[in-house]
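Subject: Structure handover

Hello,

Here is the structure for you to take over. Please open it first, then read the notes below.

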Amino acid sequence: MNRRGVCAVLAVCLCCLFSVPARAAEDTDKLIQLYEEYEANFAAIEHVDDIAEYGYTVIEDQSFSDVVFESFGEEEVTFLPILDNTYHRLAVLITDSHGRVLFKTNQLETNYKWLGQLEQPTKGISSVSFQDLNQDGLTDIVLITNCQNNTGDYAGKIYKVGDVLFQRDGSFYRDWRISDKINRFSMNRSVGYIVSYVRDGISTEALYTAATLDTLLENGFDIFQEQYRYRHFEKWGSLWVVPGIVKMARYNVFMIYLVNDQGDIVWSFQPMKDYDNLYALKGAACQDLDGDGMKDLLFLCRFSYVGPDGDMNTDTVCNIYYQRTDGFAEDTEFADTYQCTKEDTVSGLVTLIREYWGWTTEE
């Protein structure tokens, strides 16, 4: 095993040892053995004919056989993503016209979502794109994978993991800092987001890290003036409700903030979830919705996203945030009983939500 393989084994083992201090020595030895076997199988893949033999499956619908990577020469090569059948770890192969492996790597962001584990949550690939992102004249690879956890709060829900492989001298490398920010600040929704960040330097980082409204504005935050309002929240005092967007290429990244009189952000909301784009903000309300005497927030939005078939789709979504003594809680009940449509209005939804919580018509 090469130095990288040894380091990877040690890293995995240390993670496991520190997370489970009482793990028996034989369990640790077994983990090392399994990881070494996994790395040995991957190292043995030298031709496309070896893929199945060493426990991998080709992801056919995201394989491309007509790609030119400049530092590999003028001949077209094949981009071949493969998934380990046992541990669901992704790898990328670049092969020539004879099926020989010119380059391979399993050092991908999607293989580190469950730290310290061989098993990973990768289910497939959402998107692949070939573009020069660092302006060096060499074509790079943008990769977005689909992952799904088996346990926890998000069990069963598909989420995306973005990555970039930069081409250099007949090889590719990752900048883990770039991959970290792509995923930490939700710039993994689409190839367009990643390109806008890596190539054009546009980032959503400030949306998640800014402490003041001034910082947001300095980073391109555009306030929706028609829904920008001053309201008194019973447990929080008087605050500005500040909805707005940051533009990334053709996408509108939507966020909502509560800001005090000093300009400090005291709470934020992320209504977009996994949608690509805010298509329209149809309206908003700030009033008691659940009958506890405290003002809540409602935002009616249309979000757009690219479906599996490549078509653009839109959903109308009602985002409800109930005021509590310790903050705001996102609705998880009314949304399970009612599916919004493009004909819905804010006033109509207020009536429906209040009825759900037992308000009478007179109230």
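Helices (H or I, at least four residues) and strands (E, at least two) are taken as DSSP runs and numbered from the N terminus. On that basis the protein chain has 8 helices and 18 strands. The model is a predicted one, in which local features need pLDDT of at least 70 and side-chain atom pairs count only at pLDDT 80 or more, while totals for chains, interfaces and linings use all residues. Residues are numbered from 1 along each chain as its sequence is written, and side-chain values use heavy atoms, with hydrogens and water left out.

The C-alpha trace of the protein chain spans about 75 × 50 × 40 Å along its principal axes. Of the 363 residues in the chain, 48% are buried. Buried here means under 20% relative accessible area, exposed means over 50%, and partly exposed lies in between (1.4 Å probe, protein chains only).

Pocket and cavity

Rolling a probe the size of a water molecule over the atoms shows where empty space is left. The search uses a 1 Å grid over the protein atoms alone: a cavity is a set of points where a 1.4 Å probe fits but cannot get out, and a pocket is an open set with protein on both sides within 12 Å along at least five of seven lines. Lining residues have an atom within 4 Å of a point. Grid points are joined across faces, edges and corners, and a volume is the space filled by probe spheres set on the points.

The largest pocket has a volume of about 2000 Å³. Its lining consists of 48 residues, and those nearest the centre are Ile158, Tyr159, Lys273, Asp274 and Tyr275. Two or more lining residues come from each of β6 (122-131), β8 (158-168), α3 (176-184), α4 (191-198), β16 (296-306), β17 (312-324) and α7 (334-337). β17 contributes the most, with 6 residues. For classes, Ala, Val, Leu, Ile, Met, Phe, Trp, Tyr, Cys and Pro count as nonpolar, Asp, Glu, Lys and Arg as charged, and the others, Gly among them, as polar. The pocket lining then divides into 19 nonpolar, 16 polar and 13 charged residues.

The structure also holds 1 cavity of 30 Å³ or more. The largest cavity contains about 30 Å³ of space. Around the largest cavity are Arg189, Tyr208, Val253, Phe254, Met255, Gln270, Met272 and Lys273. β13 gives the most to this lining, with 3 residues, and by class there are 5 nonpolar, 1 polar and 2 charged residues.

Lys273 is named in both the pocket lining and the cavity lining. Lys273 sits in the loop between β14 (265-269) and β15 (277-287) and is partly exposed, at 42% relative accessible area. Although not a glycine, Lys273 has a positive phi of about 50 degrees. Asp169, also not a glycine, has a positive phi of about 55 degrees. Asp169 is in the loop between β8 and β9 (171-173) and is exposed, with a relative accessible area of 70%.

Aromatic rings

Rings of Phe, Tyr and Trp (its six-membered ring) pair if their centres lie within 6.5 Å; planes under 30 degrees apart count as stacked, over 60 as edge-to-face and the rest as tilted. The count comes to 30 aromatic pairs. One of them is Tyr38 with Tyr87, edge-to-face at 6.3 Å centre to centre and 90 degrees between the planes. Tyr38 is in helix α2 (residues 25-43) and Tyr87 in the loop between β3 (77-84) and β4 (90-95), so this pair ties together parts 49 residues apart in sequence. Both residues are buried. Ring pairs also link Phe64, Phe69, Phe72, Phe79, Phe103, Phe130 and Phe172 into a cluster.

A charge sits over a ring if NZ of Lys or CZ of Arg is within 6 Å of the ring centre and within 35 degrees of the ring normal. The charged end of Arg168 is placed this way over Tyr173, 4.2 Å from the ring centre. Arg354 lies over the face of Trp359, at 4.0 Å.

Strand β7

In strand β7 (residues 140-148), 8 of the 9 residues are buried, so the strand is largely enclosed by the rest of the structure. Two strands pair if DSSP finds at least two bridges between them. β7 pairs with β6 in the antiparallel sense over 8 bridges, and Thr122 stands opposite Cys147 in β7. β7 and β8 also run antiparallel, joined by 8 bridges; the partner of Thr145 in β8 is Val161.

Regards
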